[in-house]
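Please look over the sequence and the model shown here before reading on.

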Amino acid sequence: MGHSGLIQRKLNNTFGHDCITNKFTEEMPNSRVETGPRFTQSIRECFFEMPKNEVKSSNTVTSKSSEITAVSSDGLTSVTEKTRHVEIRTQNCDGEEKSIVEEQKSIVEEHGGSISERLAALQRSGSENWKKRLGGRPPILLKPDVPIMRVKERPSGERPKSLMDRIMMLGEAQDQWRNRVEDKDANQFTVAGKMVQMRYSPQASPIISRKKYSPKPVQSRSKTTNIQELSSYLSQSTPASPYHLSKSQSSLITTSSTSELEKITKVNTVSVPKIDDESFTSFFKSVKNRLNRISVSTFDISDEVFEFISSETHDLLSQRKEKLKIQRKHASSGNPLRLLASRSDLKQDYEEIYRGVAERELERMKIERLAKGSSLAMSALAGLASTEDFKNVALKKGLPANPASENKTSLLQIKGRRCAQVRLVEPKASSLNHGDSYVLVTPNQVYCWHGEFSNVIERVKAAEVANLVQSSKDLGFKGQSEVIVIEEENSSHENLQEEFFNVLSVKKDEIRAAGAPDEDELYEIAIVNTNAVYRLEENELKPCDEFCGAVPKIEMLKSDMIYVFDFGAEMYVWCGKHAGTELRKTAMSLAKDLWDEGYNYSECDINPLNALFDGPLKNQDSKRPDWATFMKTSQHREPVLFKEKFFDWPNIHPLITQKTYSNESNKGGKFPTSISDIKPCDAKTMLESEVEEPDTILENSHVGRGLEYHDEEERRHFRITSVSHKMWHISEHGYEVMPEESWGQFHNCDTYVVRWQYMISSTGRTLKGGASRYSFVGRKRWVYFFWQGINSPITEKGASALMTIELDEEKGPHVRVTCGKEPPCFLNMFRGQMIVYNCRRDDDTSDESNPYRLFMLRGNMKTEAVLQEVKLSKGSLRSRSSFLLVNKETGKMVVWHGCKSAAHTREFILHSAQLVVDNRPLEMKFDEDAELSLSEIEEGSEPEDFWIWSNGNDEPYYSLLKSELSYDFTPRLFLIDSMSGSLCAKEIVCPYFTKTHSCPFPLLQSDLKNASQPAFFLLDNNHEVFVWQGWLPSDDPESENNSTGSAKLRWEISRRLVMETTLQYCQGKNAEEVPKAFSVHAGAEPLYFTNIFPQWEEWDIKNDGLDEETSKVMFVQEVLSQLSRDRYSLQELQTKSRPPGVDLLRLESYLNDDEFEEVLGMKKEEFYNMPSWKQSELKKTNGLF
């Protein structure tokens, strides 16, 4: 037996059947199989020379077939050569792969008989035998322990011939996997899934062509003079002048803008006098008309008088006739002037055009003369030399801020899926459908109605638009009520829905059905294609091709340009803040012409004036509907509807926000994912932050401190002048006008209303920086302050706000003022006369047995000084301030100066005390026979009888007599919290702060109390730094969220971060002499801490977290070392009161490695690789959860 037989037997024993030859024999029974020597050699190499480790490998066989048929010349014999390419891939256990390719050929000879037999054979072969060739092949049964050889079968069916058929088959095969995968359940929560569940039949989606709207340019229709035609006409009709313009004149003409040359100030028609007018009737025409207006009755001449006049003048008339005869003798027979006058081709009048060029030239020459001896710029001199006459100026009524506010009702449709479109639609039933959201705006209410099948994008956008309209009082809304949100599918909103339909005068069954789920995207594409944007260029509105048919972006708006946006039902003329007045007028005129032309959307898929594709309005009309809006808007004053048309308009109050992190907060490369990842504050930023001078803005005007204000950007100086003032005392039952003698006298338990009438005069600055000689005085203004004492009842605080509205006759702004937080413009009204008494006006609860009163100075300027009454106790004194002690029986007043009281503080309190002596206010209740006197006493040199006023109340105060340090500084206070996700520091600034000198007491105890507790404050007292820690709320229902484990965890972690921030702050403040830092708890403040504030009272809130250990004042370094401990024993972590500063969610992380493995039975790496629920189960079983 040769090699072929051995190979055949080897294959039979290995695979259980004839794998190659028999297979070919089965496929081609009438053919002869030939196996070449190459095939035999390949099989020998595959099986006889195979290593042992490859025997257990897996083999794969792939084959490809092709055939060639040749017919002899006589047509009796056909020879078919079939070729099969077999590729055997072998892979061993080591991953190595070998490939063997063998080419097998088989030759089939067919002999035919007669012609009829051959035709029958050919027909049979063409119609039936092809089915056998394409039929399935029997499977190859292989043993599981032997290598597997797979033969790739041909796909059943006809093989595609063209390239297009193959591409289509590949596309179908690509999507066949979808049939084998179940649908996602997410489809159930979409609008389409909701419609399927409810068996709702939506309207069919339209077919759109996606064609963009192509606007046409809009040219000016006004009858203005064309400057080019005028210049050509002058050059043709006017002869050359022998005179030449000077250099300055030519520069004036060339530099004049086209608008100035085209501007014709005056046009007069002048008649040319006739040469042959012998009677001078045209010359004396005005006199004749005037004589005709005189009554004839005024000339009463009798006949005798007329005869006398005629006899006297007879000689003169005869002489006149002789002279005339002599002149006529020399006249020629033909008069050329008469011939010239009789010509009809000559004009008898001409137009005299006045352009004001001569006046401008005279003004320029005047400015040049002034500039020779002045250092000012030409533009400044031009402004000073100009004189304007406003007598003949007629003020026109301006357009309303929002013309849409004239409509009683505005309906906004919100429709779309990706970028929801907000459009103004007609407020009627045909505009509503169940698949969109709507915002209805009336003068008193804003409704937000969500259709049953509206998507989440539309609902969020509608809520955002409704809130913006309500907050900005846009679209004519003038009410104060909140937005009414109505969901159609919510049965509890039926009453609100009924109210919504009544406003629109529609019925529920009139609402149209919702569209198909894909209609929102089609509408969005179609409606955007109708957008038209024009740009004003050369007195013409030219379409912006790059912006038409697209969603506008804010980057296209330039401050020196004017755009016209046409959105169908809305047209906006947007003017940049640097655009000229003439350009604005031209743009409004052209836009109005465009608006009056109507609209033509016949080439678009949708008419933007309709709410849907098949709306009631035609696609073309010569007039826009009455409910549409035409509006002019300026930069930074855009309405809500205009802003919503832009893709990227910045929104400072978004409903849905995404948390972002700055580069500084991510320096470590890890975003904070929990409370433990929060970083300390940047102490450098806290130290470098500067506080600006206080400035009060009233009616969009800066009043500064109430005296003057300087605008650095515009280099303008404003001076505020007080005209008048008035003061009312408010009670629950009414109000009382205060007399002039009580001006500036307030009581801490009452409320007051103060009206201030003032004027603002604007004074410019020269280019050198000095004050200008020219000023402009504005109109009279009014502002109402309602002042509320700290101890005033809540009912009177509300009454003061209501009475302010009732007393306001001038409709001025209302400003709420709290005692101790008055703005400087309010304090400056009293010029140092303001006194605040610690009682009620009508019920003086002061101790009548003690005639003394103690007042402390507040305020940083002489005109802002306030005398604040404090508790009559020695503990109320402060070494950094001055006090006024008043004896109302004897009239003796003593000014007590602290040892560290600044010079300006002493000056201010002496000025205020002298005003008390001069004015003798009734609220002081001096005895009638008391003579007022004023004296001064220094701290440490008080006589023995000085302390009689304390009445035995020896409360201590922190005296600075023994301190040698300088106290010429202003304390700073920072509120530190982590509620925003990162630790932030906000400085608490005194409202009457000044940079000119130090303020000893800019802070109040209420600054600490009014903060959301628990709170952390960093108090910088220059020589030392304090960390004040608030109290944890008690376990009452109102503070349940703050007493949970997460709140306590945030408290402990924030506490540690605040300590770290404090140490960094002290290090950055003075690296050579680092100030000491102390930790202070609420309710356990030391005396040197409380004396930093002007007044201090005991807390009326109990601090439950305060004990003997925490009530001690500790250094910040010691507290931080306790909070930064990172290793605890299992017993310490299992106690009910956990160690301070530990993360309750990661208690196991505080165990050392050995104890961690002993308790949890695994290493930390294995534990943290487990699922979170398994970690929680392990921690629960070991008491670490």
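The paragraphs below take up a sheet and its helix, then cavities, then some backbone details.

The model is predicted, so local features need pLDDT of at least 70, side-chain atom pairs count only at pLDDT 80 or more, and totals for chains, interfaces and linings use all residues. Residues are numbered from 1 along each chain as its sequence is written, and side-chain values use heavy atoms, with hydrogens and water left out.

An open sheet of 7 strands has the order β25-β29-β31-β30-β32-β33-β34, with mixed pairing. Strands (E, at least two residues) and helices (H or I, at least four) are DSSP runs, numbered from the N terminus; two strands pair if DSSP finds at least two bridges between them. The edges are held by β25 (745-747) and β34 (933-938), each of which has a single partner strand, so one side of each is left without a neighbour in the sheet. From one strand to the next the twist averages 25 degrees; axes are lines fitted to C-alpha atoms, for helices over the stretch in contact, and angles run from 0 to 180 degrees between N-to-C directions.

Within the sheet, β30 (residues 852-858) and β31 (residues 866-870) run antiparallel and are joined by 5 bridges. F855 stands opposite E869 in β31. Helix α26 (residues 903-919) lies across several strands, including β30 and β33 (892-897), and runs at about 170 degrees to β33. Contact here means heavy atoms within 4.5 Å.

β30 and α26 also each supply at least two residues to the lining of the largest cavity. A cavity is a set of points on a 1 Å grid over the protein atoms alone where a 1.4 Å probe fits but cannot get out, and lining residues have an atom within 4 Å of a point. Grid points are joined across faces, edges and corners, and a volume is the space filled by probe spheres set on the points. By this rule there are 6 cavities of 30 Å³ or more, and the largest holds about 110 Å³ of space. Its lining has 13 residues, with L857, R858, G859, N860 and P1000 nearest the centre.

P1014 is in the loop between α27 (1005-1009) and β37 (1016-1020). H636, a residue other than glycine, has a positive phi near 70 degrees. H636 counts as exposed at 61% relative accessibility, where exposed means over 50% relative accessible area, buried under 20% and partly exposed in between (1.4 Å probe, protein chains only).

Terms used:
1 Å grid on protein atoms, 1.4 Å probe; cavity = no way out; pocket = protein on both sides within 12 Å on 5 of 7 lines; lining within 4 Å.
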